[in-house]
Structures are given as structure tokens and as C-alpha cells.
Amino acid sequence: MARTGVSEETDKEAAMEIKKQLRKLVKDIVEEEDYRVETAEEAMRALSSLKNLKSSKKSLSFKLDVPQEFRCPISGELMIDPVVLATGQTYDRPFIQRLLNEGSQICPQTKQVLAHTILTPNNLVRQMISQWCKEHGIESPKPVQDIGEEIVTSADRNYLNALLEKTSSSSLSDQKEAAKELRLLTKRSSSFRALFGESAEIIAQLLSPLSQGQVATHPDLQEDLITTLLNLSIHDNNKRLVAENPLVIPLLIESLVFGTIQTKSNAAATFFTLSAIDSNKIVIGASGALKPLIDLLHEGHPLAMKDVATAIFCLCTDLENRGRAINAGVVWVILQKIMDGVLVAELLAILAIISTNQKAIQDMCELGAVSCLVKIIRESNCERDKENCIVILYNICFSARSKLKEIKDEEMSNGTVSRLAQSGTSRAKRKAIGILERLNKTGTVTHTA
């Protein structure tokens, strides 16, 4: 039964009176050096009264006539985190998850055996509940975080096997349907992602519709399967299994070149997630993945740029991969993008990490990197960008004597390095001081503050 307007108004008046009293008490405590203990106790009682009034309001608000479709069939209460079971029925996640954790594989409402135990968020019902709460002056329920780990059942394994059989089907429509479902399930459920780690053969089955050399024959199918690989690679236990499968990296490389821009972006993101493991960086780098990644960076499609840059950065934390990237022309591509003001922070980070390589320094010097870097230091408001710029300049100073005069002239004219030595990050200060010391050894430099 709904609360009356008179009752709600009375609560508001009471709350206002308590707040007024509390404000006065807190003011006395703050302003008086030797306030009375009784004043503090009185303030605590006022706070307690305000808390009780709020709790009372909250509990009474749930005496409203909650629509049946917003109640969990198990608990009978307003749903906090509505999810859809395999049978299409909606439940509150904590209650249905508890049943699944106890081993039940039966839908409580339909009594059907579950094809799988994956829980899909019911966003429509969640939005409707939120709107209903707002209309009735009730705080929207917050999802419960600790509901126990998701479990893997034999029904889930059977469902995965059924989907994998469809991907191997001679029917293109079956392949596409299965690929779309696998993409969704591996995105939503960590337990479903974990299933792929139980056998190395599962990855081969998943990718069976994609033939090397003809990977983009059906772009929608390709996108769903490459995105499924991305979802699988997020799971730590899958990273090595995915990367070491002989089908995966060649298909990912081909997908960087052929396919929808979403496919290309997701292939790059997969390389990034897989390269979280050092051994995978070596495998990916040796496979020739860096050249197509750099080519895709050069293409400059906004949707793919960030994933590509992140993948290149992560791969270049490996020493051999730095050489591969530099030989593939990464310095030229990056400097062109930075000069165009594109993805400056991410690309400077790559330049900084490869600037210990002598050929990278040579390429930077030939392409006019010094003037570009000092301009960023002078004009940027980003401390991290300035830090990366000065790190690169430091490495140039100690590897390319021919550029010392250009850096010295900049310092004499604008005091760019000196200012960073005083006001940069701790790392930027160290590098800037190192540059100044280097310049001083080659001749007198007048620092400007």
C-alpha cells in the first residue's frame, strides 16, 4: 500500500527540523575551542534520528504495490539485477545464481531443463524498474556485487559443443547464427570464456569457417569470429592457448588487412590482449604482425587507431620487436600522425620506448623529430606528453651529436629544457637536467627561467 501525501510531508518537515538542529550543533562544535561533550552527544543523537527517518522512509517505500513483472519469481521482491535464463524467463541475479550454484539445472517457472546456465542482463526490465522507482520517489536498487563465482555446468559444455558443430556445418546460415551467439556469450560470461581453455581443439573448431587467404569472404561471419577470439583472449588462462594455436595469428594478421573496420580494430585489440604474456609477444612479433599493424596505423581510421597503437606499444616492450617495428617504418608513420595532432599521447609513448634504438634515433633525426618534440614541450598542457618528449630528446642528445646544436639553439632561445628541469615530472626533470649537463660539456649554455 502506498504511503499517503500527508505522511510524506510530515517526514520532510521532521527531516528539515533535525537538519536545522544538527547544523547549529555542528557550528558550535567547530567554532568553539572548548565545546561541551554534551553538545557532541546531542549532535550524534540528531544524526541517528536523521538516519532512522531515512531508513524508515526507505522501508515504507517498498510497501508500494510493486508490479508483478518487476518482482523476482523466486524472492517475490523488486528485482535488483534482472537477468534472462536460457528459457527466456527473467529472475533477479542473486537468487537464480544461488540456485545454479547449488547444482540446479531446472528453470523454476517452466520446469524445463536448461540448455545452458548463461545469465543475460535484461536491460529493458532494468530500465523500466528504474523509471518506476523514479516516478514513485524510491531510490533505484543497486546491483549486488558479491553473488559468488559463475559456474560451468555440463549443460554449458553441451551447448558450446552444439554451437561449435554449427560453425562446422555446411550451412552458411548455421555458421553465422552460431558465430553470432558465440560472440555474445563470450562477451557476457567469464565462465563461458573459460570453457574454451579446456581443450586446444576448440579454437580450431571455432575458426573452421575461416579459410586462410579467403578470410573476408563473408565479412559479418569473419567479424563475429574475430571478435569471439578477442573476448576469449581477455581470459588470462586462454592467452597462451589462443596465441599458440597455429591458425590464430595468421588469421588475425589477414584480418588486419581484409575485413570490416570493426574486424580490423578487434584483430588489433586481440594482439594487444594476447601480448600481455611475454612469450606471446615473441610469437606475435616473429609472425610478421607488426608490419600490417603499422600499415593500419598509417591508414588512420579513427575506430581502429587506438587499438592499433596500444598493440604496437605492448609488442615493442620486447627488444626484438622494437627492431622489427623500426624496420617496418614505424617512426615515419608515428611522426606523421603526431605532426597532424592525431593520438599524440599514445604515439609519443611508442616513440619513447623505441628511442633507445640507434636506427630509431637516426630515423627521427632525418624526419625532423627534434623541432616537433620541443614544440610539444612548449605548447602542451599534458605532463606525460612532455615527459615522453624529453625522454626522446635525451636519447637523441646522447646518440646523435649532430642534433646537439639544434637542441642548444632551442634552449638558448626559449629555455624549454630548463623550464622542464624545474617544473616537470620527476622523470622529466632527471632527463632535462641530463640534457643540460650534456649541452654544458659541448659549450656554454645560458639557461632561461
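User: What makes Cys365 count as buried?

Analyst: Good place to start! In this predicted model, Cys365 has a relative accessibility of 14%. Buried means under 20%, so Cys365 counts as buried.

User: How do you know that Cys365 is in no disulfide?

Analyst: Look at the nearest cysteine sulfur, which belongs to Cys397 and is 9.7 Å away. A disulfide needs two cysteine sulfur atoms within 2.5 Å, so Cys365 is in no disulfide. By this rule the count comes to zero disulfides.

User: Why is Cys72 called buried?

Analyst: The relative accessible area of Cys72 is 2%. With the cut-off at under 20%, Cys72 is therefore buried.

User: And what about Thr120, is that residue buried or exposed?

Analyst: Thr120 has a relative accessible area of 19%. Buried means under 20%, so Thr120 is buried. You will find Thr120 in strand 3, residues 120–121. Leaving out residues up to four places away in sequence, Thr120 touches Val83, Val84 and Arg188.

User: Why is helix 11 called roughly parallel to helix 14?

Analyst: Helix 11 (residues 248–257) and helix 14 (residues 290–299) pack at an angle of about 20 degrees, and their axes are 9 Å apart. Angles under 35 degrees count as roughly parallel, so helix 11 is roughly parallel to helix 14. Their crossing is left-handed.

User: Which residues make that contact?

Analyst: Helix 11 brings Ile253, Leu256 and Val257, while helix 14 brings Pro292, Leu293 and Leu296. Sorted by class, the contact has six nonpolar residues, no polar and no charged ones.

Notes:
Residues numbered from 1 in each chain as written. Predicted model: local features only at pLDDT ≥ 70, side-chain atom pairs only at ≥ 80, totals over all residues. Heavy atoms only, no water. Axes fitted to C-alpha atoms, helices over the stretch in contact; angles between N-to-C directions. Helix = DSSP H or I, 4+ residues; strand = E, 2+ residues; numbered from the N terminus. Parallel < 35°, antiparallel > 145°, perpendicular 65-115°, else oblique. Left-handed = near helix turned anticlockwise from the far one by under 90°. Contact = heavy atoms within 4.5 Å. Nonpolar A, V, L, I, M, F, W, Y, C, P; charged D, E, K, R; others polar. Buried < 20%, exposed > 50% of the residue type's maximum accessible area, 1.4 Å probe, protein only.
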